[in-house]
Every structure is written in C-alpha cells, then in structure tokens.
Amino acid sequence: MHDADIKACEEVIEMATVAESKWEIKVPDKPLKDKVYFENLKSVVIDTEICSRCLTCASVCPGGIIVVGDKVDFPDYETKCLDCGACVRVCPRFVYEPLSGMGSSTAFIAGRSKRFAGQDGAMVTELIVSAMEMGIIDRGLFAGRNENWETEMFHVCDPEQLAITTLSGTKYTFADVLPELKKAVKFTKSGVGVVGTPCIVSGVRKLQQEYPIFREKVKLVVGLFCTENFHYSAISQYLCDKGVDFSKLVKTDITMGKFIATMTDSEVKFKVKALEEILPSGCNVCCDFTAVEADASVGSVGSVPGYSTISVREAIAVKILDYIKEKGYAEFGEADPGQLGFLVGHKKKRAENLKK
C-alpha cells in the first residue's frame, strides 16, 4: 500500500473514531433476569396490583403498551417487546417508595378566580391560563368528558376553549393524561402546563428525570388533592345502580365525606366510604393526598366554600401567583393546612397495604 493510501485510511479511521458516540442509560435491574422488561413490569407492578394506571409506560413504549379493559397490558409482548427498558425506567411504582405529607410548601393560601367559574374557585384554570398569558406555556392539558361522562383529554391553547362546559368540574375517573403529554411536547413551542392527580404528577417527574424533552418542554405541573380515582366501567355502573341518570347529570363532587351526584332534577348522595368496594387496587397503596411533587397543588380541603386551597412549592408557581395578584385576577384569603391532616394521615396509612 502506498504512503498516500495509508494516510487516507488513517484519516478515515480517525473520522470514524471522532464520529462514534455512545448513549448510555441506567436501566433498573431485572428481578426476572431471563425475561423481557415488560414481563418484569408485569410481574412487579401489574400482577401485584399496585399499578396506578398513570400510563407513563404507555407514553414511552415503542412496542405497544396499552390499556385493555381496566388494566395496563401489552398484547403479544413476547414478540413485540423490544426489551429496551423504557417502561420500567419511567414507572413510578417499579421501585416504589410511597410519598406522603404536605411537601415543602412555600405558601399555603386560598384563592378564587374572578375570571373563570368552576368548581372550588377555578384556580387550576387560572394558573394555567395565566401561565399562557405570561408566555411560560402555549398549551395546557385538561381532562374533559363526553356525554357519557367518560374522560377525554383536551389541549387548551386559547382561553376561549374553556367555554366548553365539559372541561370544568372534577372527574373521578382515570384520564389518559401522559400519552397526551407526549403529543403536547412535540407540538409546543414555549412549553406545556399539565394538571393531574398525584400518580400523574409522579409520572411526569419520572419522564422529566429520564427524557430531556420533558424537562425542557413541561414548564408547569399542577397537582390535584386526591383520595382515590376510579375506573369508568366500575363507577358508572355503581352510580347507575344508585339511581344516577347520566343524561341528566350536571356535576359530581365529594364534600364532607359524601359523594354527591347532581342531576337536573334531583341529587344522589351517599358516603364516600361506600365506594371502597370499587376502589382500584393501585389507589389502595397510594399515600400521596397533596401531590407533593407538583409545582403547586390545588383542592377544596382547607378553604371556605367557593375557594381553592393552593399549596405553593416551586418558584414557577410563585411567579405565576404573583402575576395573578398583580393583575387582580383572583381573590385570596387564608387557608388552614390543619384541615388536611385527616386525609393526609388516611392516605399515609395505605402504606400498610403494600405489606399485604
């Protein structure tokens, strides 16, 4: 080989060496060493019935994790699972360390929006829309519903969309928030605001931990106080048996330990404790009432009727609330964190169910 050829070969080798890069990630150990990662997720989380149905796994799985009936599943995983480990990397319950308490709140206040009408002060809506006005985000993810009260996800990019009445009010059924968040981060320019129960918030944080795009694009995470959520099939049948007519149903609410279904011509009331017979197993091991990982959490407990209690934790939430105060968009008052004590303690006790 001539010197010129040798030199050319050396240059090609050098270029190839420079172009070579490695992508290294830390993947959790497999309890079932000879099985694919989905089978490990199935063994540790799904089959043990501690799955929260947050669908964090479904939002990143390249193979086909979906919900089948009321359970997370992966049809034909034996042939379709790529064994990439994405599902177990983002699952908040694969290595489950239950969160509880109030979190590190910097402020605890009551608020009521002057611009938006809604359940318990409409402060969730106010936070998201104000963040849009400030240019922090250009879309917020809201759970709406159809005429049968099944949840549907909406990407709200303009406050005028909030005229859709089915976007307001509390829905006590699971929503596909995180698969929609995956879509939202692809289309956003400035950022996304997301609203969710504690398990959803934990899922968002796992996504941010593992994937840069979620760290960069998810700018605001608003948590909801939550004792439990329900599968649509179970609670819809339960309410029908109680005499609820979904064609007349106006809103559902939980107040003073009672579930209240308000229809156009009547109300159905019963003790929330009665719903324990349809409580999802994943909720039965959740200890987090206040969504402690959220930038701010919102609920009715701790405030007078018509107001939302807001637990403020992160600087971004402080910034947005300062903007709301400056603009006079909401009325504020005192909230009593002591009123949350019973429900915080009630959920913390569910850690005992993990031992069972």
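Entry 1: I call a residue buried under 20% relative accessible area, exposed over 50%, and partly exposed in between (1.4 Å probe, protein chains only). Helices (H or I, at least four residues) and strands (E, at least two) are DSSP runs that I number from the N terminus. A note on the source: this is a predicted model, in which local features need pLDDT of at least 70 and side-chain atom pairs count only at pLDDT 80 or more, while totals for chains, interfaces and linings use all residues. Residues are numbered from 1 along each chain as its sequence is written, and side-chain values use heavy atoms, with hydrogens and water left out.

With that settled, I went to α6 and found 10 of its 11 residues buried. The buried set is Met123, Val124, Thr125, Glu126, Leu127, Ile128, Val129, Ser130, Ala131 and Met132. After α6 comes Gly135, which has a positive phi near 80°.

**Entry 2: what α6 packs on.** Two packed helices are described by the angle between their axes and the distance between the axes. My axes are lines fitted to C-alpha atoms, for helices over the stretch in contact, with angles from 0 to 180 degrees between N-to-C directions. For helix α6 (residues 123–133) and helix α11 (residues 315–327), the axes come within 10 Å and cross at roughly 90°. That makes the two helices, α6 and α11, roughly perpendicular (under 35 degrees counts as roughly parallel, over 145 as roughly antiparallel, 65 to 115 as roughly perpendicular, the rest as oblique).

Which residues of α6 and α11 make the contact? With contact meaning heavy atoms within 4.5 Å, I listed Met123, Glu126, Leu127, Ser130, Ala131 and Glu133 from α6, and Ile320, Leu321, Tyr323 and Ile324 from α11. By class, they divide into 7 nonpolar, 1 polar and 2 charged. For the classes, Ala, Val, Leu, Ile, Met, Phe, Trp, Tyr, Cys and Pro are nonpolar, Asp, Glu, Lys and Arg are charged, and the others, Gly among them, are polar.

**Entry 3: salt bridges.** I searched the whole structure and got 16 salt bridges, each a side-chain nitrogen of Lys or Arg within 4 Å of a carboxyl oxygen of Asp or Glu. Glu126 and Glu133 turned up again here, linked with Arg115 in a network of salt bridges.

I then picked out Lys30 and Asp83, whose side chains meet at 3.0 Å, N to O. Lys30 lies in the loop between α1 (3–19) and α2 (37–46) and Asp83 in the loop between α4 (77–80) and α5 (86–90), so this pair ties together parts 53 residues apart in sequence. Lys30 is buried at 15% relative accessibility, and Asp83 is partly exposed at 30%.

Lys183 and Glu180 form a salt bridge at 3.1 Å, N to O. They sit 3 residues apart in helix α7 (residues 177–187), about one helical turn. Lys183 is partly exposed at 42%, whereas Glu180 is buried at 16%.

**Entry 4: cysteines.** How many disulfides does the structure hold? I found 0, taking a disulfide as a pair of cysteine sulfur atoms within 2.5 Å. The sulfur of Cys54 has its closest cysteine sulfur in Cys91, 6.1 Å away and too far for a bond. Cys54 is buried, at 7% relative accessibility. For Cys84, the nearest cysteine sulfur is that of Cys61, at 6.4 Å; Cys84 is partly exposed, with 37% relative accessible area.
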